[in-house]
Amino acid sequence: MHNDSTVNPVSQAQLLQLHGEDARDFASNQLASRVDQLQSEHWQWTAWLDAGGKVRFVGMIWFEGECLRIVLRGGSAHAVRQAMMPFVLRSKVIIESDDLAHLQPGSALPHGKLERDGNTIVFGFGDYSLILATRAAKASANEWQHCTQRAIAAGHPWLPGAVLD
């Protein structure tokens, strides 16, 4: 029996949140993106590299009020949080991890556009989008296949789960 209603393996979202008086400065110093150029209602790609230039995570970053939020594109938010903690030093920043949200495929939305609708956030990738929601929704195998094909064609990265190992 075929069931085309499925939850994709990447559907569980891994989130990091940085907040506190020094959150923006901390992010600017630690991440490989221009956090200072991040606009309201937009997201951008970001990455965290070790001293040797190895990618520790890739993600989508946006502001929610004074909080910076990042959806990891692979890996464990808890492991990333633990790895980042030694760099906090005297900075007034709190790093939190969360794996309670879910991603699901959505319709076309301009790349970098971020839309909010209640408890959901929609990330635009051009000819598709990803919806971040607090509750898992079942997407058909065809919806995930379309989303995955578009992401691969555009070179949108997902890293393996054990990226910090």
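I started at the hairpin that β8 and β9 form, with 4 residues between the strands. In its turn I found Gly126 with a positive phi of about 95°. The model is a predicted one, so I read these angles as computed values.

Next I looked up the pairing itself. β8 and β9 (residues 129-133) run antiparallel over 4 bridges, and Val122 stands opposite Ile131 in β9.

Then I turned to the other partner of β8. Strand β7 (residues 114-117) also pairs with β8 in the antiparallel sense, over 4 bridges. Here Asp117 faces Thr120 in β8. This hairpin has 2 residues between its strands, and Gly118 takes a positive phi near 65°.

How is β8 placed relative to the rest of the structure, enclosed or open? I checked burial: 4 of the 5 residues of β8 (residues 120-124) are buried, so the strand is largely enclosed by the rest of the structure.

My last stop was the nonpolar cores. The largest has 21 residues, and Leu16, Leu18, Leu31, Phe57, Leu68, Ile70 and Met84 touch the most other members. At least two residues of this core come from each of β2 (12-19), α1 (23-30), β4 (55-64), β5 (67-72) and α2 (77-84). Another core, of 19 residues, lies apart from it, and I noted Leu103, Phe123, Ala139 and Cys147 among its members.

Leaving out residues up to four places away in sequence, Ile70 touches, among others, Leu16, Leu18, Leu31 and Phe57. Its contacts also include Gln14, Thr46, Gly59 and Trp62.

Key
Residues are numbered from 1 along each chain as its sequence is written. This is a predicted model: local features need pLDDT of at least 70, side-chain atom pairs count only at pLDDT 80 or more; totals for chains, interfaces and linings use all residues. Side-chain values use heavy atoms; hydrogens and water are left out. A nonpolar core is a set of buried Ala, Val, Leu, Ile, Met, Phe, Trp, Tyr and Cys residues joined through side-chain atoms within 4.5 Å. Buried means under 20% relative accessible area, exposed over 50%, partly exposed in between (1.4 Å probe, protein chains only). Contact means heavy atoms within 4.5 Å. Two strands pair if DSSP finds at least two bridges between them.
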